[in-house]
Structures are given as structure tokens and as C-alpha cells.
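The following questions and answers concern a single protein chain. Please consult the sequence and the coordinates while reading them.

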Amino acid sequence: MDQATGTVVLQAGRTSYVLRLDGTGSTVRQIHWGPALSVAEAATLVEPEDGRDSFDGGTDAREEMPVEGGLRYGVPALEVRHPDGTSSLEPLLTGHGIQHGPDGSRLVLHFVDAGPEGTRDLAWDLHYRVRRDSDVVERWAVVRNTAAGGGRPLTLLRHAGGQWTLPTRAGYRLSSVHGAWSEEFQLAGQPLAYGETTLTSRRGHTGHQSNPWVMLDAGDATEDHGEVWSVALAAGGSWRTTVLRTPAGHCGVVSGAGHEGVEAVLEPGEELTTAVTAGVWSGTGFGGASRAWHTYVRRHVLPAGGELRPVLYNSWEATTFDVTEAGQRELADRAAALGVELFVVDDGWFGRRDDDRAGLGDWHPHPGRFPDGLRPLADHVHGLGMAFGLWVEPEMVNPDSDLFRAHPDWVLHHPDRRPSPQRHQLVLDFSRPEVAEWAFGWLDRTVRDNGVDFLKWDFNRSFSEAARRTGGTAARAVHTEHAAGFHRVLDRLRAAHPRLRVESCAGGGGRVDLAVLARTDQVWTSDNTDAVDRLTIQHGASQLYPASVLGAWVTDSPNPLTGRRVPLRFRFHAAMAGVLGIGGDLTSWTAEELAEAAALVGVYKDVRPVVQHGEQYRLGSPGGHGRAVLHVHEAAGEAVLLQWRVGGRGRRAAEPLRLPGLVEDADYRVFEPGEPPEAARVVPGRVLAVHGLAAELPQGEYRSRLLRLRRL
Ligand code: GLA
């Protein structure tokens, strides 16, 4: 910190995030977020001036923690309702603390409300955390009602961890993903509108429609070049991210848990910790931003990010609800013969779950299908050398279930409104301790009694009728408190079973976010397993999330959802860009298909450390002539290129693929799996980088290949 100018420099990996503390103590601003600067350099930075006339004055989009109050007309990150109904705050910075640890630094800024005597019951701390090995800055706030006992409660109308402000640029562009069930993570970029652009979920879960992150650039960034600023939110329930672009040219992002109208009450002495928002600056385009996110997720978010994820088999598309012990044994035998490492029994093993109309909530083995329980199947799977996984959907209940008949009041509901079932199911209120206790109890027993190694934790409908009839202002808090309850159950379960691994699923990718990744190991990216559609979905998902969390199955052809016929090799190559799984009906695969699949599973295991833990470079674009992804594992001296072309080859020649991320003054052997490396071509890294690799795939539709590169 430079005391004279009040300049604080946070070094996050290769980047700097610079704050200026105002001498009056009323505002704190970020004045640089980009390439690394020294403290001496940062002290020379000059802040842009605020508007001075009576209408353009104020600090919209330029404060670290904008509140409701004073000459502020932007998006408040902190908005409170005082007991008298007013909402204004007067921030005063009362102090700060900086701690440097071996792996990074933390900064805390302490604020109080400096309003008139008798109304100053709010204090808040802004927290920052940066690390040496990550370009990501983490931020959150702790908000306290400082009134003594007998004081009055305060209502928080908005509580975000702060605002991310961007340097002034003309031509701001916003990139984000939108989607739907079976069509998640559709990436789109568009000029940032003046005013406020809000991405949100009012569904009680992250949602398929949007994902809580944004990337902003000055309209000039590409996959490989240019500056990109990106912000992501680690919250699990309803959420809201607002990007503000002021006519004066400023741009800010406020992102927090809860949509509009979701309030939190702070009783005297109580405090609330906001969801963490994380931000990254990249000077190497969208690809650079994604790689910074991937490293961060693997190193600092995932509980076991250093592990390699196993090849799994999941029975859902093969059997749907027709799950029997004999059928599962047969699939397990075939999966094991392919080299599968984890066998997962999907929906249909419990209660009276013959279809989706009944059984959710009754988490004991289906009496007709598993008369001796799950243990014999689990033992069989373990005997084949595979881990055993089980599908669960703990937060849901069918009205046709013993659980609902016993506890009709456990669901989200309004007593005087008709419930709105979806997929014949209602949502259990996980913010209620007795519901969470019940869920932990049966999950803990099921895992323990059956030697369960893996859970696919699903969530198959959004909230409705989700306000409590408390008469109080926190009626809709269940939109965030349910997710907190879900997180607590998962945390407790993992603590009780340290070797248990978990996949997050919500009808495919409806619950993928940094908060759930902090307590799971992978996600089910989409219910759409069509390999061609998956390339687009994976392209969008990879903007933030690393290949090591994106579950991808090879399923049957024609695809059950889309009817598209795609060669097995292409289906494998698409799935091998993530966490490979198999989800087809193996009883219908021919001997040749099974042999080819076994060989490809073997290839995946060989290249898995590179795909899952390497740096990812997206080459080509979804709608273009062809697509490719290069995974580079620098330490291992290995790279893997996966390349796909959907349509038949036209008359246009394919562009050579220039391969970034390699060591330019080293030579590489370039070979296909199965080819002896000695027989391979040797190509200088510089040639691969500047000239590129001939990208021709053979004639015909749905062509793909996997090439390995080994540094000499
Ligand atoms: C969701 C999941 C599927 C499958 C079904 C089972 O849709 O995304 O993979 O588990 O539920 O009902």
C-alpha cells in the first residue's frame, strides 16, 4: 500500500487489482484491473473525474461497494430497509487490514453507516482474497446489524459482495450463455446496452436459462487476443447479476444471491456473509479468461480438483425407469469389459418408482426390483473392479409417496394456493432443519450400507409457491436459504464419507455454479447426448468450467433425443473432450462396436491427465468449417488435439490449425493413438504455432480425430 495516496495493490497471479481509498473515507474505488503494476506505479494512477453538474454528479458504476444513499444512482450492492421504511446509508471507511500469507493476500475494508444518531446500526466489511497462483480475485462482504439487544431488525433488500468496475472503454460487449433444458450453455456476445442488463434466476436453483457469469470486452477481444474482464458468482439458489453501462461511459457489474424481492432480515447482533463473487482479467482473449477460470476451479474451488475423474457408465438412457437387478448386472458386466471404472444406477431403483409419477421421497430399494436390497448389485459391481454409484434426488417428493403422506407440510407451498407440480413432483424445503436432518439420515445410511462411492444428485424442477407465510419480510428468503440447506447436507455427507464423490445434476446442466462445485466433483452437463449438439454445449460450458468437471456420455445412434446418426468414433471424440462416460444400451452394441469402444476407452485413459488437467485452447468455432480443442499439459510435455467436422468436406480447403500453448523451441512427435511414437512425424513447436498443422479430415460427414503431441 502507498500511504500517501491511499493506493492498495492486490496481486492476483499475473494481474493487479488496484484500489484507491478516498481521503474523506466515504468511497473506495478500483482504479486499475489488468496487467501487474508495482505499488510505485499504481500510486501515479489518476482517477477519472466524476461528473460535476447537478444531474450528472455521482459515482454510478465506480464504487467498490455502492449503497443506496447519497448521490448514487447506479446499482446498489447493499440496500437496506430501516425500521422506519427509509433506506439510505452513508458509508464511512473506518479502517482496513491487510494480511499476506504464503499463497496470497487478504484485504478487509471496514465500513459503518455514518447516518444520524439512532439510525446507525449497520456495519459492513469488504473482503478481498488474491493468490499467487491464480489470476482470480475473490470478493465478498459481511454485513452486521450492530444494534444492541432490544434494538431493531434491519432488512437487506440487496446484498452483493460488491461491485466490479471496468475501465472506461468505448464499445463494450457482453458475452454470456443462455439456454434451456437439453440446450444449455449457448454462448452469445452482443454490444452492451446502455442502462442495466440483468441475468437472473428466479427458480431457486442456478437454472438452464442462464449461468451466473459474464465476460466483458471492449468489442475487440477474440479467442486469443485482447482484454476480457469476467465476473462469476458462487451462489446456489436464485441469483441476479446486473451489468450497468452509464451514458457517461462507465461499466460495473453487481452480482449476488437472490432475485428482486428476496430479502434477508438481520436481527440485532446478527451478521450475513454474502455470496462470493470472483473476477478475472485476461490479456489473452476469451481463451485466456477461460484458462484462468479453469485453473482457479481446479486448484481453489473443487474439493478434490487434483484427482482424475473415472470413466463412468450410467444406465439412464439404456433402461430409463426399467431398472432391475438382473438388467443392471448385465450392463455392469459389459461396462467392465470396456474398461469402465464407475458404474452408476440411475433413476428407478427405489420406492415404487415405476415411472416419474411416484416414489420420490421413499429412499429404500424398490421391493419388486431389488428384493434383497442394493448390496448384492453393489458387491457385484465392486467385484468387477468398478466403483458403485447411485442416482438420488433428495430435494424432491412425489405427492404419491409415503414421505408426502407423512409430511405434506415439508414442501414449499402456500396453504391457500394450489400447488403447481412439475414432472409430478414438489420441492422439499431444505432450509428446514428437520427436512435436512431426514435427508442426511437416509443418504448417510444408503452410502454406508451399500458401499456407495458416487452419487448423482439430481434436481428436476424449479421452485413455485416458494414464499413462506411468515407475515415477515423474509418470506421469500427460501430462494437462497434452500440452497444453503442443500449445501450443508452435502458438506456434512462428504465429511462423514471422505471418499464419496458427487455429480451435480438438475435435468442436465441446471445446477452448475462455483458454489456447487465447491462441494461436488463433476456435473452432468446436459441431458442432450447428441455428440454434435454437445460440441456447442461444451464450447459454452468451457468458457468457465474445466474439462475435468464436464460429464459427457457416449450414447446410442440414432440419438434418442435428436434422432441423429453419428459414428461411434465421433461420439467418443466429442465425449473425450470432457469426463468420458458411456450411457448407451450396451446390450444392443455389436461386437465390433464394443471392441472399438474398449479401444477408445483405453485411449482416453492414456490422454486423461492432459484433457482433465491440461490447459485448454479452443480452436475454430461451433458453426465454422470445423472445430478443435487442444489440451496442453506443459509439465508432462504432452498435448492432445481433438478435432471434429460435422458436414461433409466442401470445396473450400480447411485452414491449418495453428497450435498455441506449445514450447516453440522444442520439437514434438505428432501421432495418432496406436501408432508407435517412433514412427511419428517430428514437427518443431514453432512450426505448429506459426504455420499450423494440416487440418484435413477425411471426406464424409461427422469426421473426427484425436492426435497426440509429445515433446522431445
Ligand atoms: C434428469 C437427469 C437425467 C436422468 C433423469 C432421471 O433428467 O438429468 O440424466 O437422471 O433425471 O429421472
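Q: Among contacts in the protein chain between residues at least 6 apart in sequence, what percentage join residues at least 24 apart?
A: The model is a predicted one. Contact here requires heavy atoms within 4.5 Å. Of the contacts between residues at least 6 apart in sequence, the share joining residues at least 24 apart is 69%.

Q: What radius of gyration does the protein chain have, and what does the globule rule give for 712 residues?
A: The chain contains 13 helices and 35 strands. Its radius of gyration is close to the value from the globule rule, so the chain is as compact as a globular protein of that length. The radius of gyration is 27 Å, and the rule gives 27 Å.

Q: How far apart do the centres of the positive and negative side chains lie?
A: The protein chain carries 74 positive and 91 negative side chains. The centres of these two sets are separated by 3 Å.

Q: Which geometry does the aromatic pair of Phe570 and Tyr702 have?
A: The structure holds 20 aromatic pairs, and Phe570 with Tyr702 is one of them. Planes over 60 degrees apart count as edge-to-face. The two rings lie 5.8 Å centre to centre with 75° between the planes, so the pair is edge-to-face.

Q: How many residues apart in sequence are the parts that the pair of Phe570 and Tyr702 ties together?
A: Both Phe570 and Tyr702 are buried. Phe570 belongs to helix H11 (residues 568-575), whereas Tyr702 is in the loop between helix H13 (685-690) and strand S35 (703-711). The pair therefore ties together parts whose separation in sequence is 132 residues.

Q: Is Thr274 buried or exposed?
A: Thr274 is located in the loop between strand S18 (271-273) and strand S19 (276-282). Beyond its neighbours within four places in sequence, Thr274 contacts Trp140, Ala141, His159, Ala160 and Gly161. Buried means under 20% relative accessible area. The relative accessible area of Thr274 is 5%, so Thr274 is buried.

Q: Which residue is joined to Pro558 by a cis peptide bond?
A: Most peptide bonds are trans. Pro558 lies in the loop between strand S28 (550-554) and H11. With omega about 0°, the cis bond joins Pro558 to Ser557.

Q: What is phi of Phe185?
A: Most residues other than glycine have a negative phi. Phe185 sits in the loop between strand S10 (173-178) and strand S11 (186-191), and at 3% relative accessibility Phe185 counts as buried. Phi of Phe185 is positive, near 55°.

Notes
Residues are numbered from 1 along each chain as its sequence is written. This is a predicted model: local features need pLDDT of at least 70, side-chain atom pairs count only at pLDDT 80 or more; totals for chains, interfaces and linings use all residues. Side-chain values use heavy atoms; hydrogens and water are left out. Helices (H or I, at least four residues) and strands (E, at least two) are DSSP runs, numbered from the N terminus. The radius of gyration is taken over C-alpha atoms; the globule rule is 2.2 Å times the number of residues to the power 0.38. Lys and Arg count as positive and Asp and Glu as negative; His and the chain ends are not counted. The place of a charge is taken as NZ of Lys, CZ of Arg, CG of Asp or CD of Glu. Rings of Phe, Tyr and Trp (its six-membered ring) pair if their centres lie within 6.5 Å; planes under 30 degrees apart count as stacked, over 60 as edge-to-face and the rest as tilted. Buried means under 20% relative accessible area, exposed over 50%, partly exposed in between (1.4 Å probe, protein chains only).
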